[in-house]
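Please look over the sequence and the structure shown here before reading the short report that follows.

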Amino acid sequence: MSTRKQLVYSLQLDSVSPVLEVCGAAQLSGDPPQSRCEAGMRCESLPFASKIDSLRSKVDLLRLPLALSTKSISSRKSQLGVVWEKGGGGSGAGGARKPRPPPASDMDNESTYSGYSYKSSQSRSSRKHRDRRDRHRSKSRDSSIRDKSVTIQAPGEPLLDAESTRGDDRDDNWGETTTVVTGTSVDSVSNEDLTRLKDLEDSSPLQCRRFLGPALGGVLGLFAVVTPLAFLALPQLLWRDTLEPCGTPCEGLYISLAFKLLILLISTWALFLRPPRATLPRFFIFRCLLLALVFLFVASYWLFYGVRVLEPRETDYRGIVGYAASLVDALLFIQYLALVLLEVRHLQPAFCLKVVRTTDGASRFYNVGHLSIQRAAVWLLDQYYNDFPVYNPALLNLPKSILSKKMSAFKVYNLGEENSTNNSTGQSRTMIAAASRKRDNSHTEYYYEEAEVERRVRKRKARLVVAVEEAFTHIKRHQDDEGSVSSPKHPREVMDPREAAQAIFAPMARAMQKYLRATRQQSYHSMESIINHLQFCITHSMTPKAFLELYLSPGPTLQYLDTSRGRQWTLVSEEPVTSALRQGQVFSLRRLDFSLVVTVTPLPFLNLGEEFIDPKRHKFVMKMQSETSV
Amino acid sequence: MSNFIPGQPLVAVVQRIEIKKLRQGDNLILGFSIGGGIDQDPGQNPFSDDKADKGIYVTRITPGGPAETADLRMGDKIMQVNGYDMTMMTHDQARKRLTKKNEDIVRLLVTRKSLEEAVKNSMGGYQRQ
């Protein structure tokens, strides 16, 4: 019995491994589990006896035959009626539960998951799953500490790791080698919730933190603007009687003060009162410098004012007015400084940044001026959303049929060798050496496969174009003066753009769907979005070609973005991110599933010379054979 | 007209032709026309074998003139005039060399393809014997 429990425990750990089926089969067929245990699994003895009790409940579940479809499992589960205890035993290390990654998103929507924690390293998909989770964790914690518990940014779903639900990176072999241990648990969610969570996860919610800096600046600015008025008003309020009367010169100063304040306010509004578009990881040095400067200025002016004017109750009002005017002048100059530092200095190009996306190699070159790394990163990301074609993970890898050919001869090693880790490196090296020596024709296969895919895409594109053209001929704009011309025999019904779009969508729907499938774009365009786009094009009298431009070429990422939420990027750099750009720097901007690697090169110094050519010096002779008689 | 290698001496079979100038009014004429020269376009020369040859060629012979009586033929390349080399001359310099007013006779060294072949044939005949 104990060995059986041991068996169960190791199953618990390695829930995603081909060994699982073996063990399950062993259970069913009654083979002694001992041999199996030694052959391929990591059977450890548990320090906690309580865990074994909780595991006992799983033994019943494991009597399920392990052929998988979620429907059958849920039906069988209902047969067994096992209830998964949420707090039971805290199996495995770590406190939080992680669900099994759901199967590919085209499986049914009824799949339910339960919390399940494991730290197995023995299987491909769980390793991938764990890596994804770790990456997410390090991103969310902003550190590289591998933590055992996970926090999710999205509120309201505390126990689910939404990072793991990227259905795009689907592992086609996943279903065959895993068990889904399900139960009716409190924290089960459906597939739609998970995709929604994924969207939440990708984009960060609007935090209040992003308004902290501008709020501070706003307060300081307001204070600075109110100060001259306070300087003027306070003597009048406090010791009006003893003030020297001050006639025309003061009034002149009042006017100049008023206009300067007005200009200050207008330019502050124009330049600085804009919603910030990015939160930077570190302080924006120039901005902090300027805020500090303003604060210092105003504080020192107040200090002087307090000591020299308020205390002795200075009676020279003209001097006070002049003092206030000088403060406004100083504020205008600080604003000039701010303009130069924040807006103008980086306009002259000084560096060329090469940006390469790691997943598919799309690259661009940009010219920037003298910026710090974080500011350059923000500017770059603005350009990224415009220029780079959208990242389509489905288009990436070589088809498995080509790559797996190399491995097929050596597959026999993988299953049996999991115990001897010190042999595995040597074996893998020999495998690689043998594979390289083996004559393979994968390049020809790749070539032919590429040609085949290209041909298929072109064929579908041709069908799509013809279908769309034909569909567009079915409708035309209804001119009001034509009303009398239409014959009473077949009255034409007048439709609004939405109905017209729905009417002509039907004949082209199939061709469109097949084309999108061929170019792997089907996740970006839902039927609803296609009809919306069609309606848009019809409203603006676009031709079929204009309608199709959205689908024929992958547009910039901005097109597919939901702009109501922010996007989370991580800036990875060896140097502090507030340091200025220098030659040879490399930093990268990381996102969940890809990153942009940026290399900095300075623009060359241009030595421009001059050469003057007199227009009269352009002379030509004919090349000819002249004949002279002698 | 053997292919020349720049910088190496040129070897050719030449024929000596002596032309007596004919006085016609104020001019002394020779009775033929020349073409070519280092300042001319050698590709348009119809008489040369090597189209990079910038030498001076005889392009026309006036019938009954002194050149015809002296057995100058059309297509001859003039190698020397009165001892002066003509292979690297501009067109104008060549004309001046030929029309010097104080010379009555010009002694030319000319080469033509048929000369080469004649020599080859005679040598071949000799060898066969």
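This is a predicted model: local features need pLDDT of at least 70, side-chain atom pairs count only at pLDDT 80 or more; totals for chains, interfaces and linings use all residues.

## Two helices side by side

Two packed helices are described by the angle between their axes and the distance between the axes. Here α10 spans residues 285-310 of chain A and α11 spans residues 317-344 of chain A, and their axes come within 10 Å of each other while crossing at roughly 170 degrees. Because angles over 145 degrees count as roughly antiparallel, α10(A) is described as roughly antiparallel to α11(A).

## Segments annotated as transmembrane

An unreviewed UniProt entry carries the annotation "transmembrane region" for residues 211-233, 253-272, 284-305 and 320-342 of chain A. In the model, the span of residues 253-272 of chain A is 100% helix and 0% strand, with its end C-alpha atoms 27 Å apart. The span of residues 284-305 of chain A is 95% helix and 0% strand, and its end C-alpha atoms lie 31 Å apart.

## Where chain A meets chain B

How many residues of chain A are in contact with chain B? Eight residues of chain A are in contact with 18 residues of chain B, and the area buried between the two chains is about 1,100 Å², of which carbon and sulfur atoms give 47%. In chain A, the residues that lose the most area to chain B are Q625(A), T628(A) and V630(A), which together make up 60% of what that side buries.

## Charged pairs

Side chains of opposite charge can pair when their charged atoms come close. Between chain A and chain B the count is one salt bridge, and the side chains of E627(A) and R60(B) meet in a salt bridge with an N to O distance of 3.7 Å.

Over all chains, the structure holds 15 salt bridges. One of them joins the side chains of R498(A) and E528(A), at 3.0 Å from N to O. This pair links distant parts of the chain, since R498(A) belongs to helix α17 (residues 497-518) of chain A and E528(A) belongs to helix α18 (residues 527-539) of chain A, 30 residues apart.

Terms used: Residues are numbered from 1 along each chain as its sequence is written. Chains are lettered from A and ligands numbered from 1 in the order in which they are written. Side-chain values use heavy atoms; hydrogens and water are left out. Axes are lines fitted to C-alpha atoms, for helices over the stretch in contact, and angles run from 0 to 180 degrees between N-to-C directions. Helices (H or I, at least four residues) and strands (E, at least two) are DSSP runs, numbered from the N terminus. Angles under 35 degrees count as roughly parallel, over 145 as roughly antiparallel, 65 to 115 as roughly perpendicular and the rest as oblique. UniProt positions are given in the numbering used here, feature names are shortened, and annotations may be inferred rather than shown by experiment. Contact means heavy atoms within 4.5 Å. Buried area is the accessible area (1.4 Å probe) that two parts lose on being put together, summed over both. A salt bridge is a side-chain nitrogen of Lys or Arg within 4 Å of a carboxyl oxygen of Asp or Glu.
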